[in-house]
Amino acid sequence: MTVRVVIVDDQALVRAGFRMVLDSQPDLAVVGEAIDGADALRVLARTEADVVVMDVRMPTMDGVEATRRICRDNPGGPRVLVLTTFDTEADAFAALRAGASGFLLKNVPPEELLAAIRVVAAGDSVVAPSITRRLLDRFADRLGPGPAEDPRLAQLTEREREILLLVAQGLSNAEIAARVHVAEATVKTHVGRILAKLRLRDRVQAVVLAYESGLVTPGG
């Protein structure tokens, strides 16, 4: 299966560099390019894609707003991988809340970018749980006040709620398995059921929901 990728960046050299790296892989294909968020929406309206590699800072429409519209208007459509620099983590966090499946720094080695695209295309997140936790703790004030508890959480069993809490605390599947004394495959099954019940795209969005609903508090 070939993963179809759209590259969104206002710098032509960056797009060309990404295209060269991606087109060197037999399972990846660049099917479109866009110079900003608004252009990305136009490209996606006429192009089938699996992953959108999205820059954050762009003119006309930035990557955060474009991500929000892509994820809102196409819930079963392409997944978004946001790229950022060291001084724009806040923008990346906003993109995660908007529905992005993760983010990378622009200076990552090519092999990490390739691996991240494959992971996102497979339906998972490229943001390591521990990094997600630190990011959310740092920008928790941006969450704003939320309900005491999201009503969707009532659908979870006691064990699923326990697993969600551990996911939100930054534990990997292996660490959760050791904590609750079950197989790692069992934890993966629980996480899948949690995402389905809560109608979430991936575990990053599950962590955001846990913070917004008050299930987990920054530093807690």
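In helix α3 (residues 63-73), the buried residues are Gly63, Val64, Ala66, Thr67, Ile70 and Cys71. Looking down the axis of α3, you find these buried residues within an arc of 160°, so they line one face of the helix. "Buried" here means under 20% relative accessible area, "exposed" means over 50%, and "partly exposed" is in between, with a 1.4 Å probe and protein chains only. The arc is taken from the directions that run from the helix axis to the C-beta atoms.

Keep in mind that this is a predicted model: local features need pLDDT of at least 70, side-chain atom pairs count only at pLDDT 80 or more, and totals for chains, interfaces and linings use all residues. Residues are numbered from 1 along each chain as its sequence is written, and side-chain values use heavy atoms, with hydrogens and water left out.

**The chain as a whole**

- The chain has 10 helices and 5 strands; helices (H or I, at least four residues) and strands (E, at least two) are DSSP runs, numbered from the N terminus.
- Of its 220 residues, 50% count as buried.
- The accessible surface of the chain is about 10,400 Å², and 53% of that belongs to carbon and sulfur atoms. These areas come from the Shrake-Rupley method with a 1.4 Å probe, and for residues only the protein chains shown count as cover.
- Among contacts in the chain with a separation of 6 or more, 69% are between residues 24 or more positions apart. A contact means heavy atoms within 4.5 Å.

**The start of α3**

- Asp62 caps the N-terminal end of α3, with a side-chain oxygen 3.2 Å from the backbone nitrogen of Val64.

**Two nonpolar cores**

- In soluble globular proteins, nonpolar side chains tend to be buried together.
- The largest nonpolar core has 24 residues, and those with the most contacts inside it are Val6, Val8, Val52, Met54, Val80 and Val82. Such a core is a set of buried Ala, Val, Leu, Ile, Met, Phe, Trp, Tyr and Cys residues joined through side-chain atoms within 4.5 Å.
- The elements giving two or more residues to this core are β1 (3-8), α2 (37-46), β3 (51-54), α3, β4 (79-84) and α4 (89-98).
- There is also a second, separate core of 23 residues, which includes Ala168, Val187, Leu198 and Tyr211.

- Val6 lies in strand β1 and is buried, with a relative accessible area of 0%.
- How far apart are Val6 and Val31 in sequence and in space? They are 25 residues apart in sequence and 5.8 Å apart in space, C-alpha to C-alpha.
- If you skip residues up to four places away in sequence, Val6 touches Val31, Gly32, Val43, Leu44, Ala49, Val51, Val52 and Val53.
- Leaving out residues up to four places away in sequence, Val8 touches several residues, including Ala34, Ala40, Val52, Met54 and Met58.

**Thr47 in its loop**

- Thr47 sits in the loop between α2 and β3 and is buried, with a relative accessible area of 18%.
- Its side chain reaches the backbone oxygen of Val43 at 2.9 Å.

**Helix α9**

- Helix α9 (residues 184-198) has 15 residues and reaches 21 Å from its first C-alpha to its last, close to the 21 Å expected at 1.5 Å a residue. The expected span is 1.5 Å times one less than the number of residues.
- Which residues of α9 are buried? They are Val187, His190, Val191, Ile194, Leu195 and Leu198.
- Seen down the axis of α9, the buried residues fall within an arc of 135°, so they line one face of the helix.
- On the other side of α9, Ala185, Lys188 and Ala196 are exposed.
- The buried residues of α9 pack against α7, α8 (173-180) and α10 (203-212).

- Ile194 lies in helix α9 and counts as buried at 3% relative accessibility.
- Apart from neighbours within four places in sequence, Ile194 is in contact with Leu156, Glu160, Ile163 and Leu164.
- Ile194 and Glu160 are 34 residues apart in sequence and 6.5 Å apart in space, C-alpha to C-alpha.
- The side chains of Glu160 and Lys197 are joined by a polar contact of 2.8 Å. A polar contact is a pair of N or O atoms within 3.5 Å; within protein, one must be able to donate a hydrogen and the other to accept it, and residues adjacent in sequence count only if both atoms are side-chain atoms.
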